[in-house]
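Here is a short briefing on one protein chain. Look over the sequence and the model, then work through the points below.

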Amino acid sequence: MHDYGTTRGARKQAPPLDFAEIKQRVQGHWPSILRVIGLPEQFLSNKNGPCFACNGRDRYRFIDRNGDGWYICNQCGSGDGFSLVQKFLRVSTTEAFRTVDKALGGVAIERQHVTPATVGEGKDLSGLIEQTWRETRGVLAGDPVHAYLTKTRGLAVDSIPPAIR
Ligand SMILES: [Zn+2]
């Protein structure tokens, strides 16, 4: 069967940022998201090293606690992945969320470009069902299916409906 679920959320306008939703979606994906955003690999290490934001040489660590992108710098502070993005790109909280949302693939934006399912698909499908019906027949006594249903499953012989093919 076809799944039209991808078109269900289609909207004409970009929806407002859902901070909680983005936060949930990015959880566990911070290292790859931060790479996409441009954070050099050396700042994705959980060993003490130089900090991207201040002049500390060995005070920074990326620990990604519970997959939330957590970092610690003994000099300029700690925070989750959004705080890291904010500090790294020097942007506002909203901008940090927007950047992460885009890096995640911008599902909300892609949905705007999804075209409705091709008209006629449903018709083709019903034709296929009819064809399948014509090419098969009901269960007759002696068929392996009949033996299975009556002997193995213990169904009464006259209880097998004609819809069973
Ligand atoms: Zn620092």
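**Overall layout**

The secondary structure of the protein chain comes to 8 helices and 3 strands. Helices (H or I, at least four residues) and strands (E, at least two) are DSSP runs, numbered from the N terminus. This is a predicted model: local features need pLDDT of at least 70, side-chain atom pairs count only at pLDDT 80 or more, and totals for chains, interfaces and linings use all residues. Residues are numbered from 1 along each chain as its sequence is written.

- From the N terminus, the order of elements is α-α-α-β-β-β-α-α-α-α-α.
- The protein chain has 165 residues, and 13% of them count as buried. A residue is buried if 20 or more other C-beta atoms lie within 10 Å of its own, exposed if 12 or fewer, and partly exposed in between; C-beta atoms are placed from the backbone.
- Take the contacts between residues at least 6 apart in sequence: 43% join residues at least 24 apart. Two residues are in contact if their C-beta atoms, placed from the backbone, lie within 7 Å.

**Helix H4**

- Helix H4 spans residues 81-89, and its buried residues are Gly81, Phe82, Leu84 and Val85.
- Down the axis of H4, these buried residues fall within an arc of 155°, so they line one face of the helix. The arc is that of the directions from the helix axis to the C-beta atoms.
- The buried residues of H4 pack against helix H2 (19-26), helix H3 (30-37), strand S2 (71-73), strand S3 (77-79) and helix H5 (93-103).

**H4 against H5**

- Two packed helices are described by the angle between their axes and the distance between the axes.
- H4 and H5 pack at an angle of about 105°, with their axes 9 Å apart. That makes H4 roughly perpendicular to H5.
- Axes are lines fitted to C-alpha atoms, for helices over the stretch in contact, and angles run from 0 to 180 degrees between N-to-C directions. Angles under 35 degrees count as roughly parallel, over 145 as roughly antiparallel, 65 to 115 as roughly perpendicular and the rest as oblique.
- From H4, Phe82, Val85, Gln86 and Leu89 meet Thr93, Ala96, Phe97, Thr99 and Val100 of H5.
- The residues of this contact of H4 with H5 divide into 6 nonpolar, 3 polar and no charged. Here Ala, Val, Leu, Ile, Met, Phe, Trp, Tyr, Cys and Pro count as nonpolar, Asp, Glu, Lys and Arg as charged, and the others, Gly among them, as polar.

**Threonine 99**

- Threonine 99 sits in helix H5. With 20 C-beta neighbours inside 10 Å, threonine 99 counts as buried.
- Leaving out residues up to four places away in sequence, threonine 99 touches Ile37, Val85, Leu89 and Val91.
- Threonine 99 and isoleucine 37 are 62 residues apart along the chain, yet their C-alpha atoms are separated by 7.7 Å.

**Positive phi**

- Most residues other than glycine have a negative phi.
- Aspartate 64 has a positive phi of about 50° although it is not a glycine. Aspartate 64 lies in the loop between strand S1 (60-62) and S2. With 19 C-beta neighbours inside 10 Å, aspartate 64 counts as partly exposed.
- Arginine 90 follows H4, and its phi is positive, near 55°. The loop between H4 and H5 holds arginine 90. With 9 C-beta neighbours inside 10 Å, arginine 90 counts as exposed.
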